[in-house]
Amino acid sequence: MSAKRLAAVRAQLQESNLDGLIVVNRNQVRYLTGFYGHDDLDGLLVLAGRSSFLFTDFRYTDDARKSVRGAKVEIVKGSKIAALKECPGLGGANFRLGYDAATMTMAIAEQVRKHLPGCLLVPAEKVFAEFGWVKDGSELASIQEAVDISDRAFERILNLVIPGIRERELAAELEYQMAMLGSEKPAFETIVASGYRAAMPHGLASAKKVQKGDFVTFDFGATVGGYLSDITRTVVVGRATSRQKKVYNTVLKAQLAAIRRIKAGASGKMVDKTARDLIKRAGYGKNFGHGTGHGISMEIHSGPRLSPLADDNLKAGNVVTVEPGIYISGWGGVRIEDDVLVTRNGCRVLNRAPKNLLEL
């Protein structure tokens, strides 16, 4: 699979009139070679002509030689960027070296220019546009497994959602259950927001105690093979009030309506508008202030986007979140989120966790 991905990148390089490519982002390096580092620059990938090189250090010697496909592994001491000047075919004058301006810092770019003074660093937008957005079978299998882990972990912690428990305790238990079910790590910092804090779309788990009558929003995900899931569910502790039921059902209707619009060729703006218009008609337009969804891959926020600002059209093989919400400051809020696979004629919701309003 790495060979196929590298071949596609080389074709893009040729179309962009680039002689080579440098990749420092750990997820991009993993996508192209299979190498996994903990931080950017743990592995530095260079494509030069028909050759590919993965520069890493002593810590990853065994891992790299076992995992890397499609690139020659070079174990270096000291600066990996300084080692580039020894890379065959890379030091020629006016060598056009592409890079991702969105992931390479200015400091790294300056180091590359210092050690490769003959190279011209050229932003490679076309190479990285829609990078990894369309998933192959192995990627989809990893995402589905991560989704399944999230669903099962959520079911396991429901009996703990009782008055007096702290949000941080629920987050810790949720992450523990995902790990026990096979998650490599949480996909992102787990959100647990109860009561008035449920009005915070990114309300990271706090020391607040859950109280009877609270909405509790959980936003979390698992990781399998580097690929992520992203699910949100909102429950109520005790019996729901009529207002809570109205807000919850409005969000659920908006989410289901948006999902029905998803198929290859649909625009991100149109899917977003479907959910947003329904929420507006219910009188909560000002309480929905973020996009309806985003792509997921090895990055928790990738493309395509479902947003009023999006220019993206969906393609078969995209996996997107669908997550409308209503947030009422000082009172609470609701968000419901699934991971959805785009198909040629429609879509498939990957999550199985219940979406009816759970009164715990």
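## Crossing of H8 and H9

A crossing of two helices is right-handed if the near helix is turned clockwise from the far one by less than a right angle, and left-handed if anticlockwise. The crossing of H8 and H9 is right-handed. Here helices (H or I, at least four residues) and strands (E, at least two) are DSSP runs numbered from the N terminus. The model is predicted: local features need pLDDT of at least 70 and side-chain atom pairs count only at pLDDT 80 or more, while totals for chains, interfaces and linings use all residues. Residues are numbered from 1 along each chain as its sequence is written, and side-chain values use heavy atoms, with hydrogens and water left out.

Helix H8 spans residues 242-260 and helix H9 residues 268-281; their axes come within 8 Å and cross at roughly 155° (axes are lines fitted to C-alpha atoms, for helices over the stretch in contact, and angles run from 0 to 180 degrees between N-to-C directions). H8 and H9 are therefore roughly antiparallel (over 145 degrees; under 35 is roughly parallel, 65 to 115 roughly perpendicular, the rest oblique). In contact (heavy atoms within 4.5 Å) are Thr 250, Lys 253, Ala 254, Ala 257 and Ala 258 of H8 with Val 271, Thr 274, Ala 275, Leu 278 and Ile 279 of H9. By class, the residues of this contact are seven nonpolar, two polar and one charged (Ala, Val, Leu, Ile, Met, Phe, Trp, Tyr, Cys and Pro are nonpolar, Asp, Glu, Lys and Arg charged, and the others, Gly among them, polar).

## Packing of H6 on H7

Helix H6 (residues 137-157) packs on helix H7 (residues 167-180) at an angle of about 130°, with the axes 9 Å apart. The two are therefore oblique to each other, and H6 passes H7 in a right-handed crossing.

On the H6 side, Ile 149, Ser 150, Ala 153, Phe 154, Arg 156 and Ile 157 meet Glu 173, Leu 174, Gln 177 and Met 178 of H7. This contact divides into six nonpolar, two polar and two charged residues.

The axes of H1 and H2 come within 7 Å and cross at roughly 115°, which makes H1 roughly perpendicular to H2. Ser 2, Arg 5, Leu 6 and Val 9 of H1 meet Tyr 31, Leu 32 and Thr 33 of H2. Four nonpolar, two polar and one charged residues make up the contact of H1 with H2.

The volume of the largest pocket is about 470 Å³. Its lining has 20 residues, of which Ala 8, Tyr 31, Glu 130, Gly 132 and Val 134 are the closest to the pocket centre. At least two lining residues come from each of helix H1 (2-15), helix H2 (26-33) and helix H5 (125-128), and H1 gives the largest share, five residues. The lining comprises ten nonpolar, two polar and eight charged residues. On a 1 Å grid over the protein atoms alone, a pocket is an open set of points where a 1.4 Å probe fits, with protein on both sides within 12 Å along at least five of seven lines; lining residues have an atom within 4 Å of a point. Points are joined across faces, edges and corners, and the volume is the space filled by probe spheres set on them.

## Backbone exceptions

Most residues other than glycine have a negative phi, and most peptide bonds are trans. Leu 41 has a positive phi of about 75° and lies in the loop between H2 and strand E2 (44-48). The peptide bond from Gly 303 to Pro 304 is cis, with omega near 0°; Pro 304 is placed in strand E13 (residues 302-306).
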